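Take a walk through this protein, one kind of side-chain link at a time. Keep the sequence and the 3D view side by side.

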Amino acid sequence: MTASHPRHRRALVVPAGMALATALAFLPNTAATAAPAHQGASSADAASLSYVVNVRGGHGAPAHVKKAIAKAGGTIVTSYEKIGVIVVHASDADFAKTIRKVPGVQSAGATRNAPLPSAATTDLGSPKVLSAAEVAEATEEAAAGQDPLQNLQWDLPAIKADKAHEKSLGSPKVTVAVIDTGVDDTHPDIAPNFDRAASVNCVAGKPDTSEGAWRPGAAESPHGTHVAGEIAAAKNGVGMTGVAPGVKVSGIKVSNPDGYFYTEAVVCGFMWAAEHGVDVTNNSYYTDPWYFNCKNDPDQKALVEAVSRATRYAERKGAVNVAAAGNENYDLASDSITDPVSPNDGTPSDREIDPSECLDIPTQLPGVVTVASTGAKGLKSSFSNYGRGVVDIAAPGGDSTALQTPEPPATSGLILGPLPGGRWGYMAGTSMASPHVAGVAALIKSKHPYAPPALVKALLYAQADATACTKPYDIDNDGKVDAVCEGPKNRNGFYGWGMTDALDAVTR
């Protein structure tokens, strides 16, 4: 596993279209081609790093701390006074070490290894666009009341979303924020349900509210757009259907043009969601540059603390935070995991970590709903991370068509969703599982509008369809066990409380 690691929770992008009946190889640990993306920057910028400084008590930064930051050569980008997190740029390599000694500072650390801006990109290729003829053909084959491409979505009946839609599509008073690579709100499947007021660009660590700032650039990942459509693609006679096609969806862009999700952007994203009435956040990524952040490292400890404060604040303000479990087939409840990709913006090396002490953030943070992925046969996806006591719930994220083949008329074992520019395509990963759960949480919130996050999560778990461990789990039938599931039917390492249930969400 020496390839550079994808930052968001995606493993495969495949163009939608009639040619996709062919089974596709699935490579969950292979990153897309990395290419240099040097951008114009001053020599001062090139020498600077970004830091988070966490103030004791979790409240506003005292004046003496701000003065100490300036004295140490730091420039404050923004300060999140309600959680005591300050975003700073500084060129002194000893900045964090100096600031940690200041009274009132709980922790401080660099959010990256590469100077600003980072110098890597993720190229996902160009998915094939559905032709007008293909759309017309799909429309003819669609059942009455279905959107044209819905018959390709095996994932909707897998969670009974098709039946749920006969009862409710969800409430337009509920908003799900997609904290991701950006959302193309001009897409015909997304535009009817897009919440502009709750959308923003947080890449720099502070909100950019300029028109369209939440959209991905032409060369940027379609990941966020795909996720947004899975959640709330409108039931409007166009394209496909989301899990909760009547709720609103917003785009909170936290991935920079190079494809990195840095701490200051993620903190900004949760804070924006908290302050703009968001009911659910979807988080299909891990916070760069560390796959796992170890609390015994002063820099990584600071990153965990900053994001933890932001997720807790968002939940206190009413948001249910949902996150993807990851795509490496790791047992997150094991005693030891080899992490070969961190730091992914520096020089990675194999390091042995204890996943109970070194956390994937926000996935493993307290209060966050952690989602594992299943394929078209209802089994844990070959790539999905798992772990008893870590995974809370499961949902369709797709798998290789050769490993888990869907029932016709669906042709691909991956997940269909919109792509920027009015296109559609297939993707797979726990990135695709998480938005299914976010959508179901939105349906629960629609039915119980005054339910606090704790109750929404309790209903989410209580309504899940208990799914027993798959034993033995030999997904490729080569005679070797590929993962070991532990725990009872209603709470185990592969499926948590079970498969998420959209029908129960609107009827119970």
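R309 and E305 meet in a salt bridge, with their closest N and O atoms 2.6 Å apart. This is a predicted model, as is everything described below. Look at where the two residues sit. Both belong to helix α9 (residues 298–316), and because they are 4 residues apart there, about one helical turn separates them. Are they buried or exposed? R309 is buried, and E305 is buried too.

Side chains of opposite charge can pair when their charged atoms come close. A search of the whole structure turns up 17 salt bridges. One of them joins K82 to E275, with the closest N and O atoms 3.2 Å apart. This pair links distant parts of the chain. K82 lies in the loop between β3 (75–80) and β4 (85–90), while E275 lies in helix α8 (residues 263–275). The two are 193 residues apart. K82 is partly exposed, with a relative accessible area of 48%. E275 also counts as partly exposed, at 34% relative accessibility.

Now find E211 and R215. Their side chains form a salt bridge of 3.6 Å, N to O. E211 is exposed, with a relative accessible area of 56%. R215 is partly exposed, at 26%.

R112 lies over the face of Y262, at 3.9 Å from the ring centre. The charged end of K380 sits over the ring of F494, 5.5 Å from its centre.

The structure holds 12 aromatic pairs. In one of them, F194 and W214 are tilted, at 5.8 Å centre to centre and 40 degrees between the planes. F194 is in the loop between β6 (175–180) and β7 (200–201), and W214 is in the loop between β7 and α7 (223–232), so the pair ties together parts that are 20 residues apart in sequence. F194 counts as buried at 11% relative accessibility. W214 is buried as well, with a relative accessible area of 3%. Another aromatic pair, Y291 and F292, is stacked, at 4.6 Å centre to centre and 25 degrees between the planes. Both Y291 and F292 are buried. They are part of one aromatic cluster, made up of Y286, Y291, F292 and Y330.

Turn to the cysteines. A disulfide is a covalent bond between the sulfur atoms of two cysteines. How many disulfides does the structure hold? It holds 3. Counting bonded cysteines along the chain, they follow the pattern 1-2, 3-4, 5-6.

Start with C202 and C268, joined by a disulfide of 2.1 Å, S to S. The torsion about their S-S bond is about -60 degrees, so this disulfide is left-handed.

C294 sits in strand β10 (residues 293–294) and C358 in strand β14 (residues 358–359), 64 residues apart. C294 is buried at 7% relative accessible area, and C358 is buried at 6%.

C469 and C485 form a disulfide too, again with 2.1 Å from S to S. This link is left-handed, with -65 degrees about the S-S bond. Both cysteines lie in the loop between α11 (453–463) and α12 (502–507), 16 residues apart. C469 is buried at 18%, and C485 is buried at 2%.

Last, look at the annotated positions. According to the unreviewed UniProt entry, the "active site" annotation covers D180, H223 and S431. These residues spread over 252 residues of sequence, yet they cluster in space, with a largest C-alpha distance of 10.1 Å. D180 is found in strand β6, and H223 lies in helix α7. D180 counts as buried at 0% relative accessibility. H223 is buried too, with a relative accessible area of 0%. Which residues does D180 contact, leaving aside its neighbours within four places in sequence? Among them are H223, G224, V227, I252 and S284.

Technical notes
Residues are numbered from 1 along each chain as its sequence is written. This is a predicted model: local features need pLDDT of at least 70, side-chain atom pairs count only at pLDDT 80 or more; totals for chains, interfaces and linings use all residues. Side-chain values use heavy atoms; hydrogens and water are left out. Rings of Phe, Tyr and Trp (its six-membered ring) pair if their centres lie within 6.5 Å; planes under 30 degrees apart count as stacked, over 60 as edge-to-face and the rest as tilted. Buried means under 20% relative accessible area, exposed over 50%, partly exposed in between (1.4 Å probe, protein chains only). A charge sits over a ring if NZ of Lys or CZ of Arg is within 6 Å of the ring centre and within 35 degrees of the ring normal. A salt bridge is a side-chain nitrogen of Lys or Arg within 4 Å of a carboxyl oxygen of Asp or Glu. UniProt positions are given in the numbering used here, feature names are shortened, and annotations may be inferred rather than shown by experiment. Contact means heavy atoms within 4.5 Å. A disulfide is a pair of cysteine sulfur atoms within 2.5 Å.
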